[in-house]
Amino acid sequence: MNKLILIISFILVSSIVYSQQITFKNGLYLQNETAYTGKYNVYFDNGKVKEELNIKDGQISGEVIKYYESGQKMETGQYENNMKYGIWLRYNINGSLSAQASYKNDKKHGEWMVYGDNGTKLFKMEYKDGEKVGTWFQWDEKGDIIKTTAYTSL
């Protein structure tokens, strides 16, 4: 009976390990040479999760969460068909928001903000289809504007 349990356990563990063999090839996540759909985690050498990805038809699609090696959340955002889109949030090692970015079709698009460790605004930038546009602002740690730069489209 113990031998049977051992064999069944080995088969289950082997199938789980084998089924998790996801490869990245030619821009696609594949499992057994077939486009993978499901959750996929990337790990640090210490065994902690580095990235949590959602894969659909071999491409990153949906929420992505990245972590520091300590396990603290570093960044969250969205992908659609392997391309960044929407609002991305980045956190410092202490868990405070350090930046907010916006993407469209994997290009910088929309307002970007950078914050100091104490939460003060340091930079406000704007992009359109990856190009700098609008008026950019820079603040000091006291909240006073120290620089503005205007970008016009070509």
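Is Trp88 buried or exposed in this structure? Trp88 is buried, with a relative accessible area of 2%, where buried means under 20% relative accessible area, exposed over 50% and partly exposed in between, for a 1.4 Å probe and protein chains only. The legends below describe a predicted model, in which local features need pLDDT of at least 70, side-chain atom pairs count only at pLDDT 80 or more, and totals for chains, interfaces and linings use all residues. Residues are numbered from 1 along each chain as its sequence is written, and side-chain values use heavy atoms, with hydrogens and water left out.

View 1. Strand S1 (residues 22-25) pairs with strand S2 (residues 28-31) in the antiparallel sense over four bridges; strands are DSSP runs of E with at least two residues, numbered from the N terminus, and two of them pair if DSSP finds at least two bridges between them. Ile22 has Gln31 in S2 as its bridge partner. Two residues lie between the strands of this hairpin, in which Asn26 takes a positive phi near 50°.

**View 2. The largest nonpolar core and the surroundings of Tyr40.** A nonpolar core is a set of buried Ala, Val, Leu, Ile, Met, Phe, Trp, Tyr and Cys residues joined through side-chain atoms within 4.5 Å. The largest one has 16 residues, of which Tyr29, Tyr40, Leu53, Ile55 and Ile60 touch the most other members. At least two residues of this core come from each of strand S5 (49-56), strand S10 (97-104) and S13. When residues up to four places away in sequence are not counted, Tyr40 touches Ile22, Tyr29, Glu51, Glu52, Leu53 and Ile55, contact being defined as heavy atoms within 4.5 Å.

View 3. With a salt bridge taken as a side-chain nitrogen of Lys or Arg within 4 Å of a carboxyl oxygen of Asp or Glu, the count comes to four. Glu75 counts as buried at 12% relative accessibility, whereas Arg90 counts as partly exposed at 34%. A further salt bridge joins Glu111 to Lys124, with the closest N and O atoms 3.5 Å apart. Because Glu111 lies in strand S12 (residues 110-115) and Lys124 in strand S13 (residues 121-128), this pair ties together parts that are 13 residues apart in sequence.

View 4. Rings of Phe, Tyr and Trp (its six-membered ring) pair if their centres lie within 6.5 Å, and planes under 30 degrees apart count as stacked, over 60 as edge-to-face and the rest as tilted. The structure holds nine such pairs. The rings of Trp88 and Tyr103 have centres 6.2 Å apart and planes at 75°, so this pair is edge-to-face. Tyr79, Trp88, Tyr103, Trp112, Tyr127, Trp136 and Tyr151 form one aromatic cluster. The charged end of Lys84 sits over the ring of Trp88, 4.7 Å from its centre, under the criterion that NZ of Lys or CZ of Arg is within 6 Å of the ring centre and within 35 degrees of the ring normal.
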